[in-house]
Amino acid sequence: MKRFALIGAAGYIAPRHMKAIKDTGNYLIAAYDPYDGVGIMDSNFPDADFFTEFERFDRHIDKLRRNGEPIDFISICSPNYLHDAHIRFGLKNGCDVICEKPLVLNPWNLDALQEIEKETGKKVYTILQLRLHPSIIALREKVLSNPDKIHDVDLTYITSRGKWYHHSWKGDSSKSGGIATNIGVHFFDMLTWVFGDVQENIVHEHSSDTARGFLQLERARVNWMLSIDYNQVPDDVKKQGKRTYRTLQIEGEEIEFSDGFTELHTRSYDEIIKGNGFGLEECRKAIDIVSSMRNK
């Protein structure tokens with residue numbers, strides 16, 4: 001059984017991490033979040049220690065280590081711009097780290113973290129769950145079976161958000177990285193994993209609620225659009241009472257990958273604990289892409 005600590009227990013994605021820790025037969029020892037609305041912990045680890053002040057959480061982690069009860073993994077679900085600092089905290093406390101995407105906002109942050117990995121002997125892993133999705137794995141195998149073919153790909157992802165979004169850290173591009181980073185980084189990772197390296201990266205729009213552009217990859221021409229604007233959801237989808245629309249088309253043929261997401265964090269944890277997780281270098285291409293988009 002591995003001993004976990006969690007940074008960012010109150011956010012949207014934290015429950016998937018708690019469930020993954022529990023479903024893989026491990027235990028959450030301590031959690032930290034400045035916001036104390038973390039009743040979700042009762043469904044998973046009601047006995048875990050909880051802190052709303054980072055200094056006290058830091059002291060507790062250090063005390064456990066000194067008492068011979070060290071934390072094995074620190075899971076990070078904090079705001080994007082804090083990931084780098086929290087990863088450093090985990091490594092320097094002798095823990096392996098599992099961090100939500102985007103792992104960091106800029107590629108040079110990866111270089112520094114690789115140095116700390118070498119210094120500490122500990123590893124950083126990220127969640128790239130689309131690489132574990134059966135439909136995406138099958139697509140990659142199909143593409144690689146005919147590596148000379150250049151595919152025409154269209155990706156659209158609209159996940160509606162209310163007015164609160166722009167008043168939170170997510171609406172501040174210096175903290176979230178903007179739309180392409182915050183809601184798109186794992187799609188760009190998936191696209192390069194399936195279709196190869198970037199040859200051209202053109203951004204047509206990158207506003208506070210919508211981003212769109214074109215990627216020329218080794219084996220694909222990709223037109224992509226990402227948005228949090230409900231008005232962009234197709235009418236037939238709205239009539240179904242839905243606020244999210246996701247489509248990936250190859251030569252006009254739909255690739256269905258909407259289902260099966262809920263268990264992919266648990267799959268990710270299982271692989272990480274076995275030593276097979278995705279590390280710093282695996283996420284570099286996607287971080288390069290979104291960083292370039294932000295600076296164009």
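Colleague: How do β11 and β12 pair, parallel or antiparallel?

Modeller: Antiparallel. In this predicted model, strand β11 (residues 244-250) and β12 are joined over 2 bridges. Glutamine 249 has glutamate 254, in β12, as its bridge partner.

Colleague: What sheet do β11 and β12 belong to, and what is the strand order?

Modeller: An open sheet of 6 strands, in the order β8-β9-β10-β7-β11-β12, with mixed pairing.

Colleague: Which strands stand at the edges there?

Modeller: β8 and β12 (253-254). Each has a single partner strand, so one side of each has no neighbour in the sheet.

Colleague: Which strands does α9 lie across?

Modeller: α9 lies across β7 (151-159), β8, β9, β10 and β11, and runs at about 165° to β7.

Colleague: And α12, which strands does that one lie across?

Modeller: β8, β9 and β10, at about 45° to β8. Helix α12 covers residues 284-295, and its 12 residues reach 16 Å from first C-alpha to last. That is close to the 16 Å expected at 1.5 Å a residue.

Colleague: Which residues of α12 are buried?

Modeller: Arg284, Ala286, Ile287, Ile289, Val290, Ser291 and Met293. Their cover includes α4 (107-120), α8 (179-182), α9, β8 (198-206), β9 and β10 (220-227).

Colleague: What is phenylalanine 188 in contact with?

Modeller: Leaving aside neighbours within four places in sequence, phenylalanine 188 contacts Ala180, Leu215, Trp224, Leu226, Ala286, Ile289, Val290 and Met293. Among these, Ala286, Ile289, Val290 and Met293 are also buried residues of α12.

Colleague: New topic. What is the strand order in the sheet with parallel pairing?

Modeller: β3-β2-β1-β4-β5-β6, an open sheet of 6 strands. β3 (49-51) and β6 (124-126) stand at the edges, each with a single partner strand, so one side of each is left without a neighbour in the sheet. Neighbouring strands are turned by 20° against each other on average, direction ignored.

Colleague: How many bridges join β4 to its partners?

Modeller: β1 and β4 pair over 4 bridges in the parallel sense, and 4 bridges join β4 to β5, also parallel. Alanine 5 stands opposite isoleucine 74 in β4, and phenylalanine 73 stands opposite aspartate 96 in β5.

Colleague: And β5 with β6, how many bridges?

Modeller: Strand β5 (residues 96-99) pairs with β6 in the parallel sense over 3 bridges. The bridge partner of isoleucine 98 in β6 is tyrosine 125.

Colleague: Which way do the β4 residues point?

Modeller: Phe73 and Ser75 point one way, Ile74 and Ile76 the other, and all are buried. In a regular strand the side chains alternate between the two faces of the sheet.

Colleague: Which strands does α1 lie across?

Modeller: Helix α1 (residues 14-23) lies across β1 (3-7), β2 (27-32) and β4 (73-76), and runs at about 180° to β1.

Colleague: Which residues of α1 are buried?

Modeller: Ala14, His17, Met18, Ala20 and Ile21. Down the axis of α1 they fall within an arc of 160°, so they line one face of the helix. They pack against β1, β2, β4 and α11 (264-273).

Colleague: What follows α1?

Modeller: Glycine 25, with a positive phi near 80°.

Note on methods. Residues are numbered from 1 along each chain as its sequence is written. This is a predicted model: local features need pLDDT of at least 70, side-chain atom pairs count only at pLDDT 80 or more; totals for chains, interfaces and linings use all residues. Side-chain values use heavy atoms; hydrogens and water are left out. Contact means heavy atoms within 4.5 Å. The expected span of a helix is 1.5 Å times one less than its number of residues. Buried means under 20% relative accessible area, exposed over 50%, partly exposed in between (1.4 Å probe, protein chains only). Two strands pair if DSSP finds at least two bridges between them. Axes are lines fitted to C-alpha atoms, for helices over the stretch in contact, and angles run from 0 to 180 degrees between N-to-C directions. The arc is that of the directions from the helix axis to the C-beta atoms.
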